[in-house]
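Subject: Structure handover

Hello,

The sequence and structure are below, followed by notes on what was found. Please read the notes with the model open.

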Amino acid sequence: MSARNLPVTLLLAALAVGMVLPLAQSGTAPGFWLEVLIGGLMAGVLYALVALGFVLIFKASGVFNFAQGAMVLFAALAVARLSERMPLWIAFVLAAAIMVAFAWVVERLVLRRLVNQEGVTLLMATLGIAFFLDGFGQTVWGSEIYRIDLGISKEPMLVLESVFQGGVLVNREDIVAAVLAAGLVMLLALFFQRTSTGRALRAVADDHQAAQSIGIPLSTIWVIVWSVAGFVALVAGMVWGSKLGVQFSLQETALRALPVVILGGFTSVPGAIIGGLIIGVGEKMAEVFLSPLLVQAFDLAGGGIENWFAYVLALLFLLVRPEGLFGERHIDRV
Amino acid sequence: MARDIGDVILSVENISLSFGGVKALTDISFDVREHEIRSIIGPNGAGKSSMLNVINGVYTPQQGRVTLRGRTFSHMDPHEVALAGIARTFQSLALFKGMTVLDNIMSGRNLRMKSNLLMQAIRLGPAEREEIEHRRFCERIIDFLEIQAYRKVPVGRLPYGLQKRVDLGRALAMEPSILLLDEPMAGMNTEEKQDMSRFILDVNDEFGTTIVLIEHDMGVVMDISDRVVVLDYGRKIGDGPPDEVRSDEEVIRAYLGTSH
């Protein structure tokens with residue numbers, strides 16, 4: 001193993017040990033541990049979905065899209081409010097159309113005018129889009145808490161009763177979410193690897209000028225990629241909204257995708273997924289098993305670990321492997 | 001040479017281009033005939049790359065126009081240029097580094113792919129056939145450029161000389177009628193330069209591709225070009241067959257006379 005990989009391997013090993021350690025404690029029921037694990041994985045799937053939106057746009061345009069969280073919220077609001085007046089699937093299709101229209105407007109009004117500008121300029125532009133979308137969402141759809149009913153029973157299922165005492169409680173919605181996410185990821189992989197548009201997207205991501213020289217129209221590609229990111233945001237927003245209710249805190253939770261992309265790498269689709277799962281599981285485990293220990297040892301108030309765990313982990317990753325687990329390593333000639 | 005030089009297919013007239021107060025090109029006119037190898041030479045900063053970028057549609061000149069097969073443009077868009085059958089390579093490599101040699105070259109076929117997304121994703125009949133057909137074409141280019149051994153290697157890992165060949169391969173995959181080469185020999189050793197000259201002559205000879213070439217390596221250019229344009233400080237100071245240009249007083253003073 002090269003010396004470069006050692007710190008990151010150690011970090012991952014420490015994480016893994018930390019996750020399994022509670023099992024060795026006498027007080028922890030294996031069934032309960034498994035429930036926490038599954039809960040973490042499910043949260044991770046949702047993080048991964050949001051992170052996927054970030055990665056898609058970053059890959060194709062080198063733009064760090066700060067508005068991805070706002071897009072999740074906006075799409076979820078659209079579905080929630082539209083579905084009050086029509087069947088869910090029509091609301092879904094309409095919301096998807098709205099996200100495509102949004103992508104088109106962003107390209108026309110923002111991206112097209114900022115071609116070849118510095119990354120920071122584009123970042124600021126997406127920040128602006130994020131705030132606009134937040135406010136505009138309230139203006140159009142209202143600012144209450146709305147619900148999306150996917151028609152799945154809220155009653156949790158009890159599984160593996162014969163293996164663990166008391167069985168394991170699994171949320172039906174979580175399973176649907178996981179299946180949806182997996183399907184979406186497979187679809188994206190096919191799209192990127194197998195279609196000529198996918199090849200064009202990868203080409204644009206690598207080099208704008210060269211892509212133009214072989215006749216790839218940049219503006220069309222940007223509309224496509226923002227539409228796909230909008231669609232991913234829609235799916236994430238729907239699943240999330242049905243779980244937690246559609247409200248403005250969704251936006252904040254969506255920002256959890258930042259540490260996820262730092263962990264997985266800005267340019268990697270598998271990275272977004274694995275990063276999401278690691279952070280989802282890590283923070284749940286830390287909250288449930290680590291915080292009681294802290295309370296005991298230092299007489300702290302406890303709790304709240306879930307809120308910062310992901311960011312601390314991301315910071316550590318920035319120290320040992322700034323490009324993330326699967327990102328492209330940049331070596332600049334000096 | 002056995003090739004038949006044809007009629008004028010590309011001409012630029014009175015092109016002037018400036019960036020702020022800096023004049024990159026002043027009143028440049030020249031034409032390119034079908035099947036010929038036409039070079040633009042000049043010292044560094046003479047405006048060679050700017051000229052290429054005007055033809056390619058990356059820069060819009062303040063004055064002048066470009067005529068391509070009888071169609072006149074005052075502004076060209078890179079996408080339109082590609083559709084019109086003009087391909088280019090880059091001085092500083094602009095390859096898709098994360099993609100393999102084959103994928104890079106296949107990306108040159110992008111404009112020619114017709115089947116729709118869904119069919120491609122699941123590799124249905126016509127899409128499958130189309131993919132195979134394009135793949136076959138790209139394999140011919142790979143053979144031609146003698147890079148068979150590197151098909152599946154990510155381009156970023158290849159040595160410089162080979163990356164230059166892939167750049168050329170991607171442009172050839174577009175089946176261009178006009179190929180713009182931006183300093184194809186820059187940074188090469190003598191052997192690599194000879195290889196590249198041979199490829200350029202072969203492309204011109206076998207596919208009949210018209211070639212517009214920018215270079216500041218005089219030796220190579222004089223050997224392979226049919227006609228040469230000489231630029232200096234954004235002005236045209238010479239235009240004609242290599243021998244004529246070589247003996248032109250002004251060209252010698254501006255360019256050949258100075259050692260570099």
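In chain A, helices H7(A) and H9(A) are roughly perpendicular to each other, a label given to angles of 65 to 115 degrees (under 35 is roughly parallel, over 145 roughly antiparallel, the rest oblique). Their axes, for H7 residues 196-206 and H9 residues 218-244, cross at roughly 105 degrees and come within 10 Å. Axes are lines fitted to C-alpha atoms, for helices over the stretch in contact, with angles from 0 to 180 degrees between N-to-C directions. Helices (H or I, at least four residues) and strands (E, at least two) are DSSP runs numbered from the N terminus.

This is a predicted model, in which local features need pLDDT of at least 70 and side-chain atom pairs count only at pLDDT 80 or more, while totals for chains, interfaces and linings use all residues. Residues are numbered from 1 along each chain as its sequence is written, and chains are lettered from A and ligands numbered from 1 in the order in which they are written.

H7(A) contributes Thr197(A), Ala200(A), Leu201(A) and Val204(A) to the contact, and H9(A) contributes Leu218(A), Ile221(A), Ile224(A) and Val225(A); contact means C-beta atoms, placed from the backbone, within 7 Å. By class these are 7 nonpolar, 1 polar and no charged (nonpolar: Ala, Val, Leu, Ile, Met, Phe, Trp, Tyr, Cys and Pro; charged: Asp, Glu, Lys and Arg; polar: the others, Gly among them).

H9(A) also packs against H2(A), residues 30-61: the axes come within 9 Å and cross at roughly 175 degrees, which makes the two helices roughly antiparallel. The residues that meet include Leu46(A) and Ser61(A) of H2(A) and Trp222(A) and Trp240(A) of H9(A). This contact has 19 nonpolar, 2 polar and no charged residues.

In chain B, 4 strands form an open antiparallel sheet in the order S2-S1-S4-S5. S2 (22-33) and S5 (71-73) are at the edges with a single partner strand each, so one side of each has no neighbour in the sheet. The twist averages 20 degrees from one strand to the next. S1(B), residues 8-19, is joined to S2(B) by 8 bridges; pairing requires at least two DSSP bridges. Val12(B) is opposite Phe30(B) in S2(B).

Chain B is assigned domain 1 (1-85 + 176-260) and domain 2 (100-175), with bounds from an automatic or database domain assignment. Their C-alpha centres are 27 Å apart. Domain 1 of chain B puts 11 residues into the contact and domain 2 of chain B puts in 10.

Regards

Methods: Two residues are in contact if their C-beta atoms, placed from the backbone, lie within 7 Å.
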